[in-house]
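Trainee: Could we go through this model together? I would like to know what stands behind each label.

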Amino acid sequence: MKIAMIGSGYVGLVSGACLADFGHDVVCIDKADDKVEALKAGRIPIFEPGLDELVAKNVKAGRLTFETALAEPVAAADVVFIAVGTPSRRGDGHADLSYVYGAAREIAASIRGFTIVVTKSTVPVGTGDEVERIIREENPQADFAVVSNPEFLREGAAISDFKRPDRIVVGIEDERARDVMTEVYRPLYLNHSPLLFTERRTSELIKYAANAFLAMKITFINEMADLCEAVGADVQAVARGIGLDNRIGGKFLHAGPGYGGSCFPKDTLALVKTAQDAASPVRLIETTVAVNDQRKRAMGRKVMAACGGSVRGKTVAVLGLTFKPNTDDMRDAPSLSIIQALIDQGAEVKAYDPEGIDQAKPLLDASVAFASGPYDCAEGADAVVIVTEWDSFRALDLSRLKSVMRQPVLVDLRNIYREDEVARFGFTYTGVGRPATA
Ligand code: NAD
């Protein structure tokens with residue numbers, strides 16, 4: 001199959017490379033010249049484990065190419081994927097669909113022969129109808145079908161998620177799309193990944209419902225963590241105790257600093273707005289959004305408490321800036337709010353992240369100093385705060401860490417240490433949702 005992928009960011013590039021690896025001919029297109037230039041020169045503009053090898057292999061095999069202009073690849077394509085961004089619209093929190101509609105307009109003029117146009121971007125219910133309307137308006141002769149095929153991959157594990165998905169959701173209104181989409185995903189289908197065909201609006205809503213449910217699950221365990229702290233219980237044992245129940249499941253029950261990233265914050269908000277517009281409010285999700293928003297700055301107050309009630313004039317070392325490990329993505333990372341809260345309270349902040357520093361710099365206060373490693377970051381600090389659970393922070397040399405710090409205070413917002421093991425090295429320890437044993 002010939003595939004054009006419009007948008008070559010975290011989703012487009014990974015999807016394009018994986019589809020090429022399935023044997024399809026894929027052109028990844030992006031408006032950003034620097035991205036396409038980098039890709040043509042063999043450089044991957046984002047950090048995603050395994051992506052460099054996968055891209056190199058498929059470029060070498062002649063199945064994967066990169067372009068800035070979409071006209072030719074779209075004209076040649078059987079299937080055109082739209083994988084552009086759908087960020088929160090400034091001001092009201094609705095999904096900003098200008099990139100999707102812009103792409104639809106551009107695609108319309110170049111369609112030749114029967115073509116499937118697939119929205120892979122996360123888009124609110126009804127967007128497929130509008131994409132269809134736009135293409136028909138721009139090119140009344142075009143023979144096409146608009147399909148919804150939301151993506152469920154997670155950054156950091158994107159390739160394995162794409163190649164071994166729990167399910168593939170495909171929303172169609174035109175029966176001709178069924179066989180084509182089955183062909184696109186044939187290797188996965190043969191591998192028994194369920195291919196779930198629905199109507200298009202249902203498919204669009206499935207993506208938001210899935211993300212909202214996961215965000216709610218995280219928020220639930222975060223509130224349980226606060227309750228555990230108040231009543232002297234251990235949230236990790238609570239999570240295990242409820243997660244072993246198959247009806248609940250153990251995933252997404254890790255208490256922490258609140259969810260962030262490029263999807264949950266904007267998608268929960270967009271669902272709230274869609275539901276309000278439909279006069280069918282989703283109050284559980286409205287509350288999830290509000291609880292999570294407050295939680296991030298509350299983590300700043302946790303650090304203050306660990307520092308004896310104030311961080312004024314103190315140096316706080318922050319380990320981990322990205323919203324999760326194994327990505328360089330800083331969009332809506334909890335570290336941004338936590339660091340701002342600390343600076344607002346008079347702290348000097350030093351920060352280190354294995355991959356995210358370049359993306360973090362323009363988003364953080366100019367006063368933040370960046371370190372070259374965890375020990376360099378902790379040098380002279382009154383507290384170390386673990387915000388992202390990168391593997392390299394899981395086995396720190398605690399005696400070395402303590403020796404470079406001014407005060408041995410460890411705030412572990414990901415519960416990757418146990419109080420008893422760090423106390424042996426003389427640290428005072430604060431985790432999330434665990435009773436103090438000291
Ligand atoms: P991204 O910002 O990394 O990539 C989007 C790319 O599209 C950018 O490189 C941009 O230059 C390009 N673009 C915009 N308009 C274009 C146009 N008209 N022609 C060509 N290129 C254009 O975004 P992302 O993280 O890949 O997310 C894309 C979509 O996938 C969003 O809707 C997001 O919600 C959804 N999604 C993301 C993830 C994730 O983990 N990042 C997971 C599932 C779904």
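Mentor: Gladly, and let us start with burial: a residue is buried if 20 or more other C-beta atoms lie within 10 Å of its own, exposed if 12 or fewer, and partly exposed in between, with C-beta atoms placed from the backbone. Keep in mind that this is a predicted model, where local features need pLDDT of at least 70, side-chain atom pairs count only at pLDDT 80 or more, and totals for chains, interfaces and linings use all residues. Residues are numbered from 1 along each chain as its sequence is written.

Trainee: Why is K266 called buried?

Mentor: K266 has 23 other C-beta atoms within 10 Å, and the label asks for 20 or more, so K266 is buried. K266 lies in helix α12 (residues 264-277); helices (H or I, at least four residues) and strands (E, at least two) are DSSP runs, numbered from the N terminus.

Trainee: What does K266 touch, not counting residues up to four places away in sequence?

Mentor: P87 and S88. A contact here means that the two C-beta atoms, placed from the backbone, lie within 7 Å.

Trainee: What makes R154 partly exposed?

Mentor: R154 has 15 other C-beta atoms within 10 Å, which falls between the limits of 12 and 20, so R154 is partly exposed. R154 sits in the loop between β6 and α7 (158-163). E155 is placed in the loop between β6 and α7 too, but E155 has 25 C-beta neighbours inside 10 Å and therefore counts as buried. Beyond four places in sequence, E155 is in contact with Y10, E48, K324, T327 and D329.

Trainee: Is D30 buried or exposed?

Mentor: D30 counts as buried, because 23 C-beta neighbours lie inside 10 Å. D30 is found in the loop between β2 (25-29) and α2 (33-40). Leaving aside neighbours within four places in sequence, D30 is in contact with G7, S8, K35, V36 and T68.

Trainee: How do you know that the buried residues of α8 are on the same side?

Mentor: In helix α8 (residues 176-184), A177, V180, M181 and V184 are buried. They cover an arc of only 95° around the axis, which puts them on the same side of α8; the arc is that of the directions from the helix axis to the C-beta atoms. Their cover includes β4 (79-82), β5 (115-119), β6 (144-148) and β7 (168-171).

Trainee: What makes a set of residues a nonpolar core?

Mentor: The members are buried Ala, Val, Leu, Ile, Met, Phe, Trp, Tyr and Cys residues joined through C-beta atoms within 7 Å. The largest one here has 129 residues, of which I6, I107, V303, V316, V384 and V385 touch the most other members. Helix α10 (residues 200-231) gives the most to this core, with 9 residues.
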